[in-house]
Amino acid sequence: MAFDWFELARIAHREFGARVAAITDWSAPTPDREWDVTQLVRHVIEEQQWVPPLLAGKTVGEATPDIEPLHGDMRSEWQRYSDAAIHAWSSTDPQTKVHLSYGTVPLEPYLRQQIADVTIHAWDLAKATGSDDTLDPQLVAGVWSDLDGQREMLSESGLFADPVDLPDDAPLQDRLIALTGRDPRQRS
C-alpha cells in the first residue's frame, strides 16, 4: 500500500496536538519511563524545531543557532513549532537531501522517522493523560509499514525497550506500540 507521507505528518501532528490539549497534569508519568508529560512534550517540540532549518539545507551545526529555547506555555509552543514543521514538510521538494547528525539522507526517511516519533509519543501522551489512545488507522498502518521492517535496528538502537510479545492477530496499533517496547495492554 502506498502512503502519502506528507498527509500522515499532518495526521500525526493532529493526533499529538489533541493529546497536548488534554493535559491536566504536566508532571504525570508516561509509558516512556524516562520522561514525565512535560519532558515528553518538550522532546517532541524540540524535534519539530529542527525540521525547518534542516529541510532548508542546513547542517545540524548550521541549524543550531536557529533553535530557540522553549519558554512559556507548552501548548502554544507545540502549535507554533508544529505549524512551522508541517509548513516546511509541505513546501520542500521531495527530492531534497537532509543533513542529519548521522549523515545525509533523502527527505522521505527523515519524514518517516519524524512521523513515527510523533505518533508513538501521541500514544504515550494519551496513556499519560487518560485520554483516548486510539490512533488514526491510516497513520498506524503507515508507521507500521516503516518500522516493522526495521525491527533489528530498533532493538539495537537503544532508543526503545525490547519489543513486547503479542499474538500475531493482535490489533495493528497494539503490535506497533509493542514493537517500540511499550505494552499496550497496560492500563494508564
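The model is predicted, so local features need pLDDT of at least 70 and side-chain atom pairs count only at pLDDT 80 or more, while totals for chains, interfaces and linings use all residues. Residues are numbered from 1 along each chain as its sequence is written, and side-chain values use heavy atoms, with hydrogens and water left out.

Me: What span does H4 reach from its first C-alpha to its last?
Reply: Helices here are DSSP runs of H or I with at least four residues, strands are E runs of at least two, and both are numbered from the N terminus. H4 has 18 residues, and 26 Å is expected at 1.5 Å a residue (the expected span is 1.5 Å times one less than the number of residues). The value for H4 is close to that, at 25 Å.

Me: Within what arc do the buried residues of H4 fall?
Reply: Buried means under 20% relative accessible area, with exposed over 50% and partly exposed in between (1.4 Å probe, protein chains only). In H4 the buried residues include Trp-78, Tyr-81 and Trp-89. Taking directions from the helix axis to the C-beta atoms, the buried residues of H4 line one face of the helix, because they fall within an arc of 160°.

Me: Which helices do the buried residues of H4 pack against?
Reply: Contact means heavy atoms within 4.5 Å. On that basis, the partners of H4's buried residues are H1 (5-21), H2 (37-55) and H5 (107-129).

Me: Which backbone oxygen does the side chain of Thr-96 reach?
Reply: Thr-96 sits in the loop between H4 (74-91) and strand S1 (97-100), and is buried at a relative accessible area of 17%. Among the residues Thr-96 touches, not counting those up to four places away in sequence, are Leu-55 and Leu-107. At 2.7 Å, its side chain reaches the backbone oxygen of Asp-93.

Me: Which residue in S2 stands opposite Leu-100?
Reply: Two strands pair if DSSP finds at least two bridges between them, and S1 and S2 (residues 103-106) do so in the antiparallel sense over four bridges. The two strands form a hairpin with two residues between them. Opposite Leu-100 stands Gly-103.

Terms used: A polar contact is a pair of N or O atoms within 3.5 Å; within protein, one must be able to donate a hydrogen and the other to accept it, and residues adjacent in sequence count only if both atoms are side-chain atoms.
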